[in-house]
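Q: Got a structure you'd like to go through together? Let's see how its labels come about.

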Amino acid sequence: MLNVVLSIFLLACIAPHLYRLLGKHTGLVLALLPATLFIYFASQLSAVSQGQPLLQSWPWFPGLGIQLSFMLDGLSLLFALLITGIGTFILCYAGQYLQGHPALGRFFLFLLSFMGAMLGLVLSDNLITLFVFWELTTVSSFMLIGFNHEDSESRQKAHQGLMVTVLGGLALMTGLIMLGMAAGSYQLSDVLQQDLTGHSLYLPMLILILLGAFTKSAQTPFHFWLPNAMAAPTPVSAYLHSATMVKAGVYLLARLQPSLGGSEVWLLTLSAVGALTMLTGIFLASRATGIKKVLAYSTVMALGTLTMLLGLGTEKAALAAVTFLLAHALYKGALFMIAGILDHEAGIKDFEKASGLRKLMPRTTLVAVVAALSLAGVIPLFGFVGKELLLEAVLSGSQWQLGLTAATVLANIFVVLVAALLAIKPWFGQALPTPKPAHDPGWQMLAGPAVLATLGLIFGLLPMLPDQYLLNAAATAVYGQPISGYLALWHGINLPLMLSLGSLVLGLLLFRFWQPWRKLTAVVETLSKAGPEAGYNKLMAALVSFAAWQTRVLQNGYLRNYLLTTMATVVLLVGWAMLRLEHFELNWQFSDVRVQEAVIFLVLLTTIISAVVLNSFLGVVALLGALGFAVALIYVFFSAVDVGITQVLVETITVLLLVLVLYRLPEFRRLSSTAHRARDALIAIASGTVITLLILLVTASRSMEGIAWYFLEKSVPEGYGRNVVNVILVDFRALDTLGEIFVLALVAIGVYAMVHLRTGAKPVTNADKRLTAEQKRQQSVKGEL
Amino acid sequence: MSRQFNMRSLILSTGTTIILPLLLLFSLFLLLRGHNEPGGGFIGGLVAAAAIALKLFADDYPSAKALLRVHPLQLVGIGLALAALSSLPSLLVGDNFFTAQWWTLPLPIFGELKLSTPLIFDIGVFLGVIGTVLTVIFTLVEAEH
């Protein structure tokens, strides 16, 4: 499965180049990979439906117990099939939808990265890898929402989606670490064996994990980012915001239900938030007129429903959740793609401007009607099966049965209204003129919705098909124990059927009075000014002004202030720690000091004192250079030749850099007051003293054997090198070095940006230049140590 | 920079012409011997960067830039990519991430050639250091113009 995930990322990397080669056929060619993967996952169906999860594992950070491990059970298989299956159609669709877009190659890069991340997320068997993939979906969806990055509104909305989901991601990370601590393992397959509801960390970790899941899955009050994410091109909305990414939160809840579910808090929070989201979503959907907006809000409703079902936690609810999830992915994916077709082929984005397209777009109409019927839950479509199960699950729930049932029925009435809007409004009735001459799209764009809608019909007629091979295993994974229920189209005449019929009738009635309904509820427009989105905007504004304030205070551009703050902090923290020590023993043994070391020490002392009192830039630079060379000599005495050479070279480069900036410095003058100088001297002396004491203290109380002997011993047999310093740098601790050269790269980019992106003719200030030179110096010295 | 360039010295310029190839060769020498003797990518990179900076001071900015051919930031990118990529072969063999891999190639005349991922990594460090130092220097020079 590692290869599965890696293959997508690999394809993502070469996608822009493929686009240059293949042009408008790129989408179709790229779609071959998810199609192949879909077949691979489908071939696992029978094994997984037997109840054997497929586990694969590679050591990643074995020292931390983090493994790159994957698990394929019913739940992950359901998601994997959705991601690869719908992904295949989306790639075909996007190829035509965005045909000729100058950045199409990049679009494929982002879309495939997202696909890989999402697949990794649902296949992960390790909490840490799961989190990594989770964040990757956030980042790639940010790039996708902001794809039209020249549009400031698009950027702003991408930013909003990112902030909300990243905030949740941060909470989630903490929650997952707590979960790992509580379970004693970061492997999901181990975690799921345990019931953690009684653990002392249960409540904090539950809150944090729920925060992550709720933001990602747009639960109220975080629901506002999802409709705004519709700024993305339609294929993205169809893929991310209906079938996959927004369901990541639901996936997480479903995944963790065996360990975390079943408690009172879980039940109450999830069903309450879920029901609230369900109602909020569908209510807003019934008021919107933009086709994508309506679909987005109805997706919010679906996510709320799923959360509510997971909250109930019964056997029936688990089955209902996975069934509803599949049905929703099928019809919502299709409907989003149809919304895109309407926009692309007829220029229509709004229900109010759409009417009577049936004659001009006959095939699209047919597909749209079938998909919308499934949304409405009309027999014999799969949506009906899902809705029946949903009602049954809510009716048989233990708590709040009446309230949840009422909420569900109410939501369903509005779902019927939305479905009727989608099935009737654009297609039937009086033909209105369209901005573009309307016609059916090519097969690339119609294939996806057609197949998805047809599957909705087939699964409705033969519900045992998805049930037997997939949904039962998925529900088992959610419930934690084997499921005895099964799917059927006809359950006989019972309460759910009656409720279903009733909502159908009422929904159609409401459709008749759609415009009056919108007028009646217009008061919401004013209310929403105080809604969660307004709160978000206020929060962001406050954050920005706080950031501006603290930057002004802390990052004030004066190197001396940075130094002062850093030094004073070190002195305080280290000094405080030393004062609290019980055994304060210093190493005063200087008997093994050699003559040459003493000489160097005297040289060091002389140069540094002269540097402090000298009144010339050039002199100070020269003295500091001398200081560096003396330190290099000390390294050489202790046979650290490499470090010595590096020190010499760094001194040389520093002199070069100083030559470039030196003559721009103002003349050497005394600018600071005596009081300031006294303060600086005090801090300098204090830091010198504290560091000296620290070194004496550490050498006196070394309780453990150093690790130097290890490197010395292993360097030749395991690193095949006699230069231990180099072997450490490039082999034993290569990851550290990698991090350090990343920092070097950042410094280079930073300097470049600072100088080149400066507007106006204002010269670079000396503080900036010295800062970068100093940073570089510190980094390079650190890199070698 | 204009002020410095007015004081161009013929001796320095001629000397640089002779010494520059040697310095660059020396930086490669340092890079390649680093695993067994003092040297390595970091030191080699600093020497190479200093060599090109010498060209800058002896002649002028355009010629130093021409000597490098690519923008130093590109070197940083290539270096980082090389260093990061050198972590991957171990995964293919089934070892832990970043485990060093060694290959010995027999060469008919020179004996044998030892290749390894640490060497690739070190070359990455080498390029990264050259790129960073020269980005800073070149940027500062450009700021003068």
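Q: What share of the chain A contacts between residues at least 6 apart in sequence joins residues at least 24 apart?
A: That share is 79%, where contact means that the C-beta atoms of two residues, placed from the backbone, lie within 7 Å. Before going on: this is a predicted model, where local features need pLDDT of at least 70, side-chain atom pairs count only at pLDDT 80 or more, and totals for chains, interfaces and linings use all residues. Residues are numbered from 1 along each chain as its sequence is written, while chains are lettered from A and ligands numbered from 1 in the order written.

Q: Why is A:Thr521 called partly exposed?
A: Buried takes 20 or more other C-beta atoms within 10 Å of a residue's own, exposed takes 12 or fewer, and partly exposed is in between, with C-beta atoms placed from the backbone. A:Thr521 has 14 such neighbours, so it counts as partly exposed. In chain A, 47% of the 785 residues count as buried.

Q: What makes the place of A:Thr521 a loop, and between which helices?
A: Helices are DSSP runs (H or I, at least four residues), strands are E runs of at least two, and both are numbered from the N terminus. A:Thr521 sits between helix H22 (514–520) and helix H23 (523–527). Chain A has 33 helices and two strands.

Q: How far is A:Thr521 from A:Phe214, 307 residues away along the chain?
A: Their C-alpha atoms are separated by 27 Å.
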